Amino acid sequence: MVKICCIGAGYVGGPTMAVIAYKCPSVEVAVVDISVPRITAWNSDKLPIYEPGLDEVVKKCRGKNLFFSNEIEKHVAVADIVFVSVNTPTKTSGLGAGKAADLTYWESAARMIADVSKSSKIVVEKSTVPVRTAEAIEKILTHNTKGIKFQVLSNPEFLAEGTAITDLFNPDRVLIGGREETMAGLKAIQTLKDIYAHWVPQDRIICTNLWSAELSKLAANAFLAQRISSVNSMSALCEATGADVTQVSYAVSKDSRIGSKFLNASVGFGGSCFQKDILNLVYICECNGLPEVANYWKQVIKINDYQKSRFVNWLVSSMFNTVSGKKIAILGFSFKKDTGDTRETPAIDVCRGLLSDKAQLVIYDPQVPEAQMIKDLSIPKFHWDQPASTIHIYEDVVKQSVKVVHGAYEAAKDAHAICILTEWDEFRSLDYQKIYNSMPKPAYMFDGRNVVDVAKLREIGFIVYSIGKPLDPWLKDMPAIA
């Protein structure tokens, strides 16, 4: 029986290994992590992450050929294939701070693998890493081999949170990069390919060299983020000219060369990958003497930041240029629907912008725990995946101005304004007449996800701002937002 061990039981490692165990009953899969609470959750009825369909997959395999454990060295030692799915956060200090990936966890994992291994292994990069990371990992393993042979592969994950299980069951492609120039490298590639071939058609399994696989992941995320920033830049122009960004993006999407995906205007993109990977790409370009290329990709981030600040500016300026002491209802905190992930969610920057103007926030999200929201609003940028001991937390200050509730109606009651920051389906079917009746007047709606029926809400009496839509007459009298 082939034995697989995955180091890291997070958003990538947990679901990916669960699906491999589900699709490959003859393969034994162990997911290991240093976090005792996280592993305890994976072994309980309440998993540490929310993904539609994940519960069923885990429950079918757990205890049979899928195991979750804190005994990292034990499972690494006996594994044939070791996936490494650890954090690669953006560096917060030192060389490349604010852009470069911090490979501390990766290096520690590589040294541990070399130290405990008693047999040859295939080591698979599952984390998103800078180009040529595999070369550094190979050097660590090679200089600590004790006669043991290692092959390093790059197998980047392209799943999207909220549809992770569907994406894993039916992937657009599986990418495997390895040392194609050596027999041992080709054999390692084939071994991993055989695992995926249990359910993925052969023509969707793409084999490349190591560097192409590593760069392809960064490029894919950069291209997707670029599309979002492109349509968001158009949303600002639509508001200025009276065009409707939904109509514009639909017309553009009918061009078969462009298509419709990632063309929904919003308050901005979030998630663990897009910003981090683009900053990493920028740093790699700068290090390779390509400043023009670096500046091109920087603009994707700048437009995303601009969109969030523009949203806050519209809100404050339309409410008589102050939200001090005013209750603002925040509907949605995760970076998109069907996930509880808050990493780099636009809600953080929007809420911080409102808090800086002394607003009182009441937040509701169906999946994000209160403790996570308070933490996210209390720590500096780029520190969300750093160890808690290395960050300064200002929870007491945040708690004075933020209240977390358990329903949309509770959040909206007595609120001066509502901000929709996540496109949860339930927000589309709320009784907005009931909500309007519970709010002081004028009652404002700021829709950062284009969820509501603008015309219907204006008929009820709301003053509505919706991203990229023709401005409410109330807002037309306001100065242009830069």
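In the predicted model, D472 and R458 form a salt bridge whose closest N and O atoms are 3.1 Å apart, a salt bridge being a side-chain nitrogen of Lys or Arg within 4 Å of a carboxyl oxygen of Asp or Glu. D472 lies in the loop between β14 and α19 (473–476) and R458 in helix α18, so the pair ties together parts that are 14 residues apart in sequence. Helices (H or I, at least four residues) and strands (E, at least two) are DSSP runs, numbered from the N terminus. D472 is buried at 6% relative accessibility, whereas R458 is partly exposed at 28%; buried means under 20% relative accessible area, exposed over 50%, and partly exposed in between (1.4 Å probe, protein chains only). Because the model is predicted, local features need pLDDT of at least 70 and side-chain atom pairs count only at pLDDT 80 or more, while totals for chains, interfaces and linings use all residues. Residues are numbered from 1 along each chain as its sequence is written, and side-chain values use heavy atoms, with hydrogens and water left out.

The structure holds 18 salt bridges. One of them joins the side chains of E138 and R179 at 2.6 Å, N to O. This pair links distant parts of the chain, with E138 in helix α6 (residues 133–142) and R179 in the loop between β7 (174–178) and α8 (183–196), 41 residues apart. E138 is buried, with a relative accessible area of 15%. The salt bridge between R111 and E107 (3.0 Å, N to O) instead lies within helix α5 (residues 104–116), where the two residues are four apart, about one turn of the helix. R111 is partly exposed at 42% relative accessibility, and E107 is partly exposed at 35%. A network of salt bridges links K99, E286 and K298.

Aromatic side chains were examined next. Rings of Phe, Tyr and Trp (its six-membered ring) pair if their centres lie within 6.5 Å; planes under 30 degrees apart count as stacked, over 60 as edge-to-face and the rest as tilted. By this rule there are 17 aromatic pairs. Y436 and F462 form an edge-to-face pair, 5.2 Å centre to centre with 65° between the planes. Y436 lies in helix α17 (residues 432–437) and F462 in the loop between α18 (454–460) and β14 (463–466), so this pair ties together parts that are 26 residues apart in sequence. Y436 is buried at 15% relative accessible area, and F462 is buried at 2%. Y444 and F446 form a stacked pair, 6.0 Å centre to centre with 15° between the planes. Both Y444 and F446 are buried, and they belong to one aromatic cluster together with F311, W314, F320, Y465 and W474.

In soluble globular proteins, nonpolar side chains tend to be buried together. F68, in strand β3 (residues 66–69), is buried at 6% relative accessible area. Contact meaning heavy atoms within 4.5 Å, F68 touches V31, I39, W42, N43, V58 and R62, not counting residues up to four places away in sequence.
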